[in-house]
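Please walk me through the helix packing and the aromatic contacts of this chain. Plain running text will do.

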Amino acid sequence: MKLDNRLILIFIAAIGIYAIFLFLSAFSIISEKISNFKINYLPLILLLVSVSWIPIIIKWHFLLKNCELDVPLTKSIAVFFAGIAFEITPGQIGTLMKSQILKTSCNIPRTKTVPIVVVEKMYDLIGAILASIIGIVILGMDFYLIIIAILFLAVIFFFMYYRPASEIFFKRITKTKFFSKHVDNITEFHTIIQKSTHVKVATICILLSVTYWFIISIAVYYVLMAFDVNVLDYLTILAIYTTSILLGAISFIPGGIGVTEGSISGLFTLNGIDISTALILSVMIRVFTLWYSVGIGFISLKFTCGFSFRNN
């Protein structure tokens with residue numbers, strides 16, 4: 001099955017899931033909430049979502065430069081956005097398309113860029129966990145959630161910095177069907193990983209990732225404001241949104257669709273928002289924070305000729 005057919009199936013599945021979410025809400029509530037949406041908040045929400053990309057674009061370009069890959073800034077940005085189009089793939093594995101684009105357009109071997117894409121996503125995950133922990137600690141939420149998050153972080157850092165463990169891990173993944181085809185130089189793969197996870201590099205990248213989650217959560221806060229839902233403060237929304245994104249990511253469902261929205265709805269309900277409103281809010285939050293970005297990604301994919309070599 002061609003790549004574009006798979007993406008179409010994901011779009012259809014997303015529409016179906018969102019239709020179910022909205023069906024579970026009373027039609028009168030849906031029409032009331034949509035009609036009461038404060039349109040003056042829309043430019044601010046889209047601006048905040050767009051601004052949230054800045055730190056992670058910087059992180060992506062910084063990782064390329066750190067590994068001495070000479071990619072023009074404009075090309076780097078275009079490739080970054082092209083990768084966003086594939087964030088709706090299971091575990092965001094489709095973002096590895098960035099490696100193919102760089103190989104085709106800049107003649108950079110995939111062995112040099114695949115590990116950068118992997119590390120980039122790892123930093124996004126670490127940033128989400130840290131942002132979630134900050135929200136949970138400040139709000140005094142269930143202590144067990146903090147323990148689970150810290151243990152998860154500990155496992156990630158163990159595989160990053162304990163060399164025998166990292167070597168076993170990366171040797172194992174490079175034997176998988178995908179990596180065995182696209183990573184023909186294991187030694188170079190390890191070298192790039194080590195350069196990209198140096199303490200100084202990691203600190204900068206993690207701070208940029210955390211910044212992204214803080215900004216995107218402000219956009220989520222204003223989505224609630226636009227629907228005149230003001231029962232939650234910003235830190236609560238930060239904890240709810242990042243935790244829901246993490247649950248969607250570990251589900252390995254394409255884009256976390258259904259799991260993330262369900263988590264947002266459930267946590268909103270636990271914090272005093274009625275279930276019908278929570279379901280509507282979860283769908284609208286994902287429209288602004290996921291599908292808006294994916295749309296921009298597909299435009300960039302067209303300009304980077306990503307569709308012309310989809311079979312690779």
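This is a predicted model: local features need pLDDT of at least 70, side-chain atom pairs count only at pLDDT 80 or more; totals for chains, interfaces and linings use all residues.

Buried here means under 20% relative accessible area, computed with a 1.4 Å probe on protein chains only. By that cut-off, Y212 and W213 are both buried.

Y212 and W213 form an aromatic pair. A pair of aromatic rings is described by the distance of the centres and the angle of the planes. For Y212 and W213 the centres are 4.9 Å apart and the planes make an angle of 70°. Planes over 60 degrees apart count as edge-to-face, so the pair of Y212 and W213 falls in that class.

W213 also pairs with Y241, with ring centres 6.2 Å apart. The planes of W213 and Y241 are at 55°, so this pair is tilted. It connects distant parts of the chain, since W213 lies in helix α11 and Y241 in helix α12, 28 residues apart. Y241 is buried, as is W213.

That link leads to the packing of the two helices. Two packed helices are described by the angle between their axes and the distance between the axes. Helix α11 spans residues 199-226 and helix α12 residues 234-250; their axes are 9 Å apart and the packing angle is about 110°. Angles of 65 to 115 degrees count as roughly perpendicular, and α11 is therefore roughly perpendicular to α12. The crossing of α11 past α12 is right-handed. On the α11 side the contact is made by W213, F214, I216, S217, I218, V220, Y221 and L224. On the α12 side it involves Y234, I237, L238, Y241, T242 and I245. W213 and Y241, the tilted pair, thus both belong to this contact. By class, the contact residues are 12 nonpolar and two polar, with no charged ones.

A second packed pair is found earlier in the numbering. Helix α3 covers residues 42-66 and helix α4 residues 73-84. Their axes come within 10 Å and cross at roughly 115°. This crossing, too, is right-handed. From α3, the residues in contact are W53, I56, I57, W60, H61 and L64; from α4, they are L73, S76, I77, V79, F80 and F81. The contact of α3 with α4 has 10 nonpolar residues, two polar and no charged.

Methods
Residues are numbered from 1 along each chain as its sequence is written. Side-chain values use heavy atoms; hydrogens and water are left out. Axes are lines fitted to C-alpha atoms, for helices over the stretch in contact, and angles run from 0 to 180 degrees between N-to-C directions. Helices (H or I, at least four residues) and strands (E, at least two) are DSSP runs, numbered from the N terminus. Angles under 35 degrees count as roughly parallel, over 145 as roughly antiparallel, 65 to 115 as roughly perpendicular and the rest as oblique. A crossing is left-handed if the near helix is turned anticlockwise from the far one by less than a right angle, and right-handed if clockwise. Contact means heavy atoms within 4.5 Å. Ala, Val, Leu, Ile, Met, Phe, Trp, Tyr, Cys and Pro count as nonpolar, Asp, Glu, Lys and Arg as charged, and the others, Gly among them, as polar. Rings of Phe, Tyr and Trp (its six-membered ring) pair if their centres lie within 6.5 Å; planes under 30 degrees apart count as stacked, over 60 as edge-to-face and the rest as tilted. Buried means under 20% relative accessible area, exposed over 50%, partly exposed in between (1.4 Å probe, protein chains only).
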